[in-house]
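Please look through the model below with an eye to its pocket and its aromatic rings. The questions after it take these topics in turn.

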Amino acid sequence: MSATLSASTLLAVPLAPLVGAALAGVFGTKFGGNHIGRKVTHSLTILGVLVAFIISAMTLKSVIADGARFNQTIYEWMVVGGLKMEVGFMVDGLTAMMMCVVTFVSLMVHIYTIGYMEEDDGYNRFFAYISLFTFSMLMLVMSNNMLQLFFGWEAVGLVSYLLIGFWFNKPTAIFANMKAFLVNRVGDFGFILGIGLIAAYAGTLNYTEAFAKAGTLAGITFPGTEWMLITVICICLFIGAMGKSAQFPLHVWLPDSMEGPTPISALIHAATMVTAGIFMVARMSPLFELSDTALSFILVIGAITALFMGFLGIIQNDIKRVVAYSTLSQLGYMTVALGASAYSVAVFHLMTHAFFKALLFLGAGSVIIGMHHNQDIRWMGGVRKYMPITWITSLLGSLALIGTPFFSGFYSKDSIIEAVHESHLWGANFAYYAVLAGVFITAFYSFRMYFLVFHGKERYDQNPDAHHDDHGHGHDDHGHGHDHKPHESPWVVWLPLVLLAIPSVVIGFMTIDPMLFGEFFKGAIFVDASKHHAMKELEEAFHGPVAMAIHGLQTPPFWLALAGVVMSWYMYMINPALPAAIKRAFGPIYRLLENKYYMDWFNENVIARATRALGTGLWKGGDQALIDGAVVNGSWKVVGRISGVVRWMQSGYIYHYAFAMLLGVFILMTYFVWFKR
């Protein structure tokens with residue numbers, strides 16, 4: 001352990017946002033008497049996140065330059081038998097990178113929120129929530145044990161529930177946050193089962209100690225089955241990741257979470273909550289490497305998500321939902337990389353995606369402000385000349401998203417495609433063609449949104465449903481009519497866009513070598529190169545970021561992305577009648593996509609009703625009939641009847657007792673005379 005990393009300094013990283021959240025949440029709201037105003041509230045919370053970011057950046061520098069590491073218990077909560085419940089930190093390349101990404105994106109969101117939420121009555125409460133969210137995510141990524149991991153895991157779920165339903169008077173927001181909460185409980189049930197199995201068979205919750213016993217776990221068969229215990233553990237852990245990282249079929253909560261304010265959409269969908277599952281699987285790589293069955297399962301689930309969620313992005317008209325389905329698809333790419341044992345590639349894409357996806361979400365929010373809270377891209381157009389900063393930053397984010405050579409998304413996305421191509425696991429062929437097709441789909445829906453918003457004819461004065469806004473109001477919060485021109489957002493909104501655009505362009509070029517082929521993740525990520533050699537093949541083919549980008553101009557992903565851009569340009573700029581004709585020709589397919597593969601219908605009409613019927617049956621049959629009826633009421637009725645008989649016998653009259661004695665003597669005499677001869 002390096003002396004440059006001290007426990008007290010690392011402790012300040014999660015505690016600084018927590019202090020800001022506590023001060024804003026108590027003294028800045030009705031709960032504490034509204035003692036501090038808006039300016040003090042956002043200053044305190046931004047200061048807390050800024051302190052966390054500065055320390056995180058210093059920590060990353062120490063990890064890179066000095067090889068610093070930290071793995072230590074901070075506080076021992078309790079010991080149950082031989083099982084220790086602890087709070088502790090593990091800082092290595094993986095943790096340090098996540099700390100910087102989480103704090104930087106959160107800092108940008110905090111600054112952006114000053115402008116975006118300036119007219120909202122819940123301004124102080126929102127800042128308290130997003131700072132608390134940052135604290136929860138930092139506790140998750142910095143943990144050195146599964147108890148703390150689970151605490152952070154559940155905490156981000158709880159705060160996301162509060163944030164998605166931030167406008168609690170809006171019915172759709174309440175439905176969305178309850179949906180997110182319930183779907184994540186399904187995944188979390190599998191997650192806690194996996195942690196429980198590790199605790200039961202390894203006897204520890206500490207990462208290092210559990211990984212040291214991975215070989216022993218790999219030799220155990222799950223009781224009562226022929227399944228290997230390690231496979232069951234890994235699949236249970238991944239089910240948790242499916243919920244948190246919105247993988248099919250537990251993806252249904254994420255698009256509806258757009259009902260929350262745009263800043264939290266960026267925070268949830270960029271670097272924090274949805275990437276927690278990707279981070280967790282990468283952290284648990286010593287376990288996952290021991291089960292090819294679990295890796296194949298991950299590979300196929302990720303491929304389904306990457307491809308089929310991308311299709312849904314094509315038909316979306318809400319600017320935020322287009323970006324949301326893009327997030328789903330990109331999370332599928334990361335999951336596919338995990339399944340191919342390219343954990344470092346998955347985390348690399350997590351990092352690059354965090355910057356350009358936060359940029360796209362915040363850019364969408366800037367457009368919403370400039371369009372007086374209209375979110376329908378069909379009624380935009382020509383925004384480029386009114387919002388030049390938002391336009392250029394959104395263009396850079398879109399180019400990064402589709403994997404344009406030399407942009408950050410290119411290096412991570414192409415590495416995923418190549419890693420899957422080199423994988424020999426079951427399902428790898430399907431996954432390869434799924435992510436390859438996803439390149440075209442991503443480019444098509446991304447630039448469909450880009451062209452409809454920033455180019456072409458101005459349509460904002462033709463919107464029949466003007467002011468269907470992000471804030472759930474039926475009017476323009478800025479007091480403008482829908483015939484007013486769009487306008488550029490204030491500096492607190494566009495400054496984060498500029499700061500996020502920079503890493504969206506250069507971070508991939510700068511970091512691909514050390515992160516994928518250097519020792520940046522040494523000791524943090526484990527790959528059994530003798531069985532899974534995708535990373536080895538990638539390393540042999542890598543000759544530097546420049547050569548990779550130049551070579552990328554000749555590969556199928558580049559031409560597929562270019563075809564997607566050109567087709568979207570032709571269909572929405574040159575021949576806008578074509579999309580309507582295609583919609584009419586493929587009506588059933590369009591309805592399938594419009595209804596999101598009927599997953600919501602199935603969940604609401606089959607699973608929810610079956611669950612309700614089961615719950616009603618358990619309530620009436622188990623609770624009312626068995627527990628209340630037989631056990632509780634039955635027991636007192638039996639006791640009452642016995643008591644009634646005994647009470648009748650204990651009358652208090654001497655002649656009753658004399659009669660009972662004579663009767664007893666008669667019975668005893670009869671017994672001894674007839675049965676004891």
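This is a predicted model: local features need pLDDT of at least 70, side-chain atom pairs count only at pLDDT 80 or more; totals for chains, interfaces and linings use all residues.

Residues are numbered from 1 along each chain as its sequence is written, and side-chain values use heavy atoms, with hydrogens and water left out.

Q: How many nonpolar residues are in the lining of the largest pocket?
A: A pocket here is an open set of points on a 1 Å grid over the protein atoms alone, where a 1.4 Å probe fits, with protein on both sides within 12 Å along at least five of seven lines, and its lining residues have an atom within 4 Å of a point. The largest pocket holds about 970 Å³ of space, the volume being that filled by probe spheres set on the points. Of its 29 lining residues, Tyr 572, Pro 579, Ala 580, Lys 583 and Tyr 590 are the closest to its centre. Counting Ala, Val, Leu, Ile, Met, Phe, Trp, Tyr, Cys and Pro as nonpolar, Asp, Glu, Lys and Arg as charged, and the others, Gly among them, as polar, the lining has five charged, two polar and, as the number asked for, 22 nonpolar residues.

Q: What is the angle between the planes of Phe 135 and Phe 151?
A: Rings of Phe, Tyr and Trp (its six-membered ring) pair if their centres lie within 6.5 Å, with planes under 30 degrees apart counted as stacked, over 60 as edge-to-face and the rest as tilted. A search of the whole structure finds 27 such pairs. Phe 135 and Phe 151 form one that is edge-to-face, at 6.4 Å centre to centre and with an angle between the planes of 70°.

Q: Is Phe 151 buried, partly exposed or exposed?
A: Buried means under 20% relative accessible area, exposed over 50% and partly exposed in between (1.4 Å probe, protein chains only). Phe 135, at 10%, counts as buried. Phe 151 has a relative accessible area of 41%, so this residue is partly exposed.

Q: Which residue lies over the face of Phe 181?
A: A charge sits over a ring if NZ of Lys or CZ of Arg is within 6 Å of the ring centre and within 35 degrees of the ring normal. For Phe 181, at 4.4 Å from the ring centre, the residue is Arg 185.
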